[in-house]
Amino acid sequence: MASFTLERMPMSLFRPNAALLSLALASSAFAQGSPMPEPRNVVSFQSSASTEVAQDQMRITLSTTLEGSAAQEVQGRLRKAVEAALDQAKPQAAAEKMEVTTGSFRINPRYGKDSKITGWQGYAEVMLEGTDFARITATAAASKSLNMGGISFGLSPKTQREAEARAQGEAIKSFQNRAQQLASAFGFSSYNIREVNINGNEYGGMQPAPRAKMMVMSAPMMEADSGVPAEPGKTRVEVSVNGSIQMK
């Protein structure tokens, strides 16, 4: 039979280090009894600037809706329609000027009054987007397998960055001017910036073209070289600068 021996450990191993304990208590007392002084002569405010930019990005959505009694049959017809549209549009594609991408592709059942499936409905999209409006509208008008679903306008990445840079510069200058005005109004000669945050907002984005300025019709009803009549609007880009200063 195995036997075990239990040895009693010296009590000194369990005694806390008095020096370390005293240091910890002293540090805790200092942290609780010596709070940092509150900042004085601090004011927070916000300034903003905005600029309106002509929309230079167009997106045309080509789509079709098909129905059938079998899901696979509807899916096959949708795939052929999308492939035909891509074959027609891709040769016209060019970087930034017009990019061709597929969009939504879905098939849903249709139900009768007895909640049984009576057929299937499919929907598919191809999107043309870029800065060359003439190229995009002519390509959309030439599509035979998909119909015009809608037009929207916005800003290209380059135009967006340039607009934000202009608005940001104006917003920063406005913040600096107001900071000096506030310091002077309170009887101080200068200030230090304590904190500052810069935020940008785009009002407009990719927006659908107004109905009065857009004529939508199915592709077979348009001549291949007729294009699509559409007129872009403007997008407002705003940048705000908010923060706090300490007057001195």
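Q: Is Phe153 buried or exposed in this model?
A: The general idea is to compare relative accessible area with a cut-off, and buried means under 20%. This is a predicted model. In it, Phe153 has a relative accessible area of 1%, so Phe153 is buried.

Q: Which residue does Phe153 form an aromatic pair with, and how should I read that pair?
A: A pair of aromatic rings is described by the distance of the centres and the angle of the planes. Here the partner of Phe153 is Phe133. The centres are 5.7 Å apart. The planes make an angle of 55 degrees, and the pair is tilted.

Q: Which elements hold Phe133 and Phe153?
A: Phe133 lies in helix 3 (residues 133-142). Phe153 lies in strand 5 (residues 147-154).

Q: Where in the chain do Phe45 and Phe175 sit?
A: Phe45 is in strand 1 (residues 42-54). Phe175 is in helix 4 (residues 157-185). They are 130 residues apart, and the pair links distant parts of the chain.

Q: Do Phe45 and Phe175 count as buried or exposed?
A: Read each residue against the cut-off again: under 20% is buried. Phe45 has 9% relative accessibility, so Phe45 counts as buried. Phe175 has 3%, so Phe175 counts as buried too.

Q: What about opposite charges?
A: Side chains of opposite charge can pair when their charged atoms come close. A search of the whole structure finds 4 salt bridges. Among them is the one between Glu67 and Arg110, with the closest N and O atoms 3.9 Å apart. The cut-off is 4 Å, so this distance falls within it.

Q: Which strands does the Glu67 and Arg110 pair link?
A: Glu67 is in strand 2 (residues 57-68) and Arg110 is in strand 3. The two residues are 43 apart, and the pair links distant parts of the chain. Glu67 counts as partly exposed because its relative accessibility is 42%. Arg110, at 30%, is also partly exposed.

Q: Which helix holds the salt bridge between Glu73 and Arg77?
A: Both residues lie in helix 2. They are 4 residues apart, about one turn of the helix. Glu73 has 35% relative accessibility and counts as partly exposed. Arg77 also has 35% and counts as partly exposed.

Q: How far apart are the closest N and O atoms of Asp132 and Arg135?
A: They are 3.2 Å apart, and the two residues form a salt bridge. Asp132 is partly exposed at 21% relative accessibility. Arg135 is partly exposed at 24%.

Q: Now the backbone. Which loop holds Glu96?
A: Glu96 lies in the loop between helix 2 (71-89) and strand 3 (99-111). Its phi is near 70 degrees, a positive value in a residue other than glycine. At 62% relative accessibility, Glu96 counts as exposed.

Q: What is the phi of Ser115, and where is this residue found?
A: Ser115 has a positive phi of about 65 degrees, although it is not a glycine. Ser115 is in the loop between strand 3 and strand 4 (117-130). Its relative accessibility is 57%, so Ser115 counts as exposed.

Q: Which residues form a nonpolar patch on the surface?
A: Ile193, Val196 and Ile198 form it. Together they have about 250 Å² of accessible area. Ile198 lies in strand 6 (residues 191-203). At 43% relative accessibility, Ile198 counts as partly exposed.

Q: How many helices and strands does the protein chain have, and in what order?
A: The protein chain has 4 helices and 8 strands. From the N terminus on, they run α-β-β-α-β-β-α-β-α-β-β-β.

Q: What do the totals for the protein chain say?
A: Of its 248 residues, 31% count as buried. The accessible surface comes to about 16,000 Å², and 52% of that belongs to carbon and sulfur atoms. Take the contacts between residues at least 6 apart in sequence: 83% of them join residues at least 24 apart.

Definitions and conventions:
Residues numbered from 1 in each chain as written. Predicted model: local features only at pLDDT ≥ 70, side-chain atom pairs only at ≥ 80, totals over all residues. Heavy atoms only, no water. Patch = residues over 30% accessible without salt bridge, like charges linked within 9 Å, V, L, I, M, F, W, Y side chains within 5 Å. Areas by Shrake-Rupley, 256 points an atom, 1.4 Å probe, with all protein chains shown as cover. Salt bridge = Lys/Arg side-chain N within 4 Å of Asp/Glu carboxyl O. Buried < 20%, exposed > 50% of the residue type's maximum accessible area, 1.4 Å probe, protein only. Phe/Tyr/Trp six-rings, centres within 6.5 Å; stacked < 30°, edge-to-face > 60°. Contact = heavy atoms within 4.5 Å.
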